[in-house]
Amino acid sequence: MPVPQQLGRGNRMGRGPYEKSGLVQDSSLPPLRTVTSSYEIFFPFEDGENDEGDTVRTFPSESLAVEVKLWYLPYGTMDDDAFLWREEKRTVTVSMSGK
Amino acid sequence: MSRPLTTVLTTALAGVAFLALTGAVSSAPAAKGRAPAASSGKANSIAELVARYDSSSCVECHQDAHDQWARSVHSRSIFGTGRTAATFMTAIRNGLMTWPSSGVKTEKDVKVEHLMGCAKCHLPQLADATDNVAQEIVTTIQEWQGAVEEDDEARIGKAKDTLTSLNINCLVCHNRNAIIHKWTDGYPQKDAVYGSQDGEHADPKFPKMAKSAVMGESILCGQCHGQGPNFELPNPTQCATGYGSYLFAYIPEGGDKTCQDCHMRESGLGHDMQSYRSEVMAKKALDMHVVAQGVFWRDNRELRPKATVRVELTNRTGHGLPDG
C-alpha cells in the first residue's frame, strides 16, 4: 500500500487523512507489473526415541496442503475489516523413499 | 499416502480505506453571469444545500443510472459505512482541536474551511454553504454517534438520513465539477447538465445538455482520486492517491485506459463505481498464479522435505493495488 507520511515530515506513518501528506513507502502492487514472491515451508516432523535411546525424526505425512491467501487489510490488521481477495490451494507431495 | 498437513500462506496487502468518489470542489471564483449551478449564494442549512443539489428530477428518465449510483459509495459520501462520518469527527478532535493555529478549540468552532480537507471530495458542494451548514454537519454526526452509543434506532435512522442526504450526486459530476478548465471551456451553467453531447434536455430545471470535454476522461475522477497532498488547503490533507499512481506509474507502463473504461464500461457497473469489495472489480484487478513443488533440503546429513511456493501477482488495474 502507499504508506502515508505523517504531516509530510520524518519517517512516521500517518493514519488519519488529516495528518497524511506524502509517502514514506509504497508496498502496493505496481500497475501492469508482475510481482513474484517465494516461500519455503518445511514439512512438520516429530522427534522420538528408538530402542537404543537415539533421537529419530519422522515426518507424519508425505503431503503438505498449501493454502495461499491474498488479503487486503484496509486498516492494517486482520481483526479490522480484513478482506480476502484471492485464495488458492496446492498439495505438495514428496516421496520419503527418495524416488 | 498419509493425510496431508495444511499450511496457510497469508499475503497481506495492508492499505487504507478509500471512497470511490468522483468530483471535487472548484477553488476558482465563478465569473459573474457564468456561475456554476451551485454558487448562486450560499446555502444556510443542510436542507437548503440538499435542495440546491436536488437530482430527483433526473430519476424519471435515468432510473438505471440512478439505481446504479444508489449502490455506490458516491450516494453516501460523508456517511460511508459510518466510518467516514466518524472520521470527520476524528479529524476535528485529533487534528483541528490539537493544532494551535487552526482556530478550532471545540467542535463549535468548526467552519466550512475546516471541513474542506474532507469535504473537498466527500462533499465538494459544501464550498457553496455557510458555516452554519458546517456546524449542522458536525452536530448531526455527534447526534448519530450518541444515538449509536445509546442504541437508539430512531435517532440513528434520523441522523443517518440527514447525513446520507448529502452526497456526490448527478449534479456534482454532471454540472458542478464537469468542467475543469474553466477559462478554456467556460464555467458550468446553471441550467445545463454536462455529458457526451450538446442539445436539448427534457427537464424544465435543466433544459440544456452540454458536452463536457472531460466527462469520459480520467482527469474528471482525478479531481478527487488524488495525487497526494492537497496543497491548496492551509493544512494539506491526503486521502486518495490513485490518480497520481495512474499518471506516474500506469501511463509510463504503457497503460491506455481511463478510469471510466474499467470502473464503468468494462465492469458493466455503470454509475455503480466500485473497488475492491466488488466481485467483478476484484476479479478484473488481479491475476494470482501459484506454483508449488516438494523437494528435499539437506542440512548437513539430514534430509528434510519442504514445499517451495512461488506466488506471482499481476496488477491489471490502472493504479497501484491497493490504492484509490
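**Exercise 1. Describe the strand pattern and overall form of chain A.**

The model is a predicted one, in which local features need pLDDT of at least 70 and side-chain atom pairs count only at pLDDT 80 or more, whereas totals for chains, interfaces and linings use all residues. Residues are numbered from 1 along each chain as its sequence is written, while chains are lettered from A and ligands numbered from 1 in the order in which they are written.

Step 1: take the dimensions. The C-alpha trace of chain A spans about 70 × 35 × 25 Å along its principal axes, and chain A has a radius of gyration of 22 Å, whereas a compact globule of 99 residues would have one near 13 Å. The radius is taken over C-alpha atoms, and the globule rule is 2.2 Å times the number of residues to the power 0.38.

Step 2: look at the domains. The assignment for chain A, whose bounds come from an automatic or database source, gives domain 1 (1-28) and domain 2 (37-99), and the C-alpha centres of these two domains lie 35 Å apart.

Step 3: consider burial. Of the 99 residues in chain A, 23% are buried, a residue being buried if 20 or more other C-beta atoms, placed from the backbone, lie within 10 Å of its own.

**Exercise 2. Work out how β3(A) takes part in a sheet with chain B.**

Step 1: An open sheet of three strands runs β3(A)-β6(B)-β5(B) with antiparallel pairing, where two strands pair if DSSP finds at least two bridges between them.

Step 2: find the edges. Because β3 (34-42) of chain A and β5 (286-299) of chain B each have a single partner strand, they stand at the edges, and one side of each is left without a neighbour in the sheet. Neighbouring strands of this sheet are turned by 20° against each other on average, direction ignored.

Step 3: inspect the pairing between the chains. Nine bridges join β3(A) to β6 (residues 302-315) of chain B; Ser37(A) stands opposite Val311(B), and Ser38(A) stands opposite Arg310(B).

Step 4: ask how many of the nine residues of β3(A) are buried. The number is zero, so β3(A) lies largely in the open.

**Exercise 3. Identify which parts of chain B touch chain A.**

Step 1: count the residues. In chain B, 66 residues are in contact with 56 residues of chain A, contact meaning that the C-beta atoms, placed from the backbone, lie within 7 Å.

Step 2: assign them to elements. Among the elements of chain B that each supply at least two residues of this side are β1 (5-14), α4 (83-95) and α5 (112-122), and the largest share, twelve residues, comes from β6(B).

**Exercise 4. Characterise the packing of α10(B) against α11(B).**

Step 1: the axes of α10 (residues 218-225) and α11 (residues 242-250) of chain B come within 7 Å and cross at roughly 130°, the axes being lines fitted to C-alpha atoms over the stretch in contact, with angles from 0 to 180 degrees between N-to-C directions.

Step 2: α10(B) and α11(B) are therefore oblique to each other, since angles under 35 degrees count as roughly parallel, over 145 as roughly antiparallel, 65 to 115 as roughly perpendicular and the rest as oblique.

Definitions and conventions
Helix = DSSP H or I, 4+ residues; strand = E, 2+ residues; numbered from the N terminus. Buried ≥ 20, exposed ≤ 12 C-beta atoms within 10 Å, placed from the backbone. Contact = placed C-beta atoms within 7 Å.
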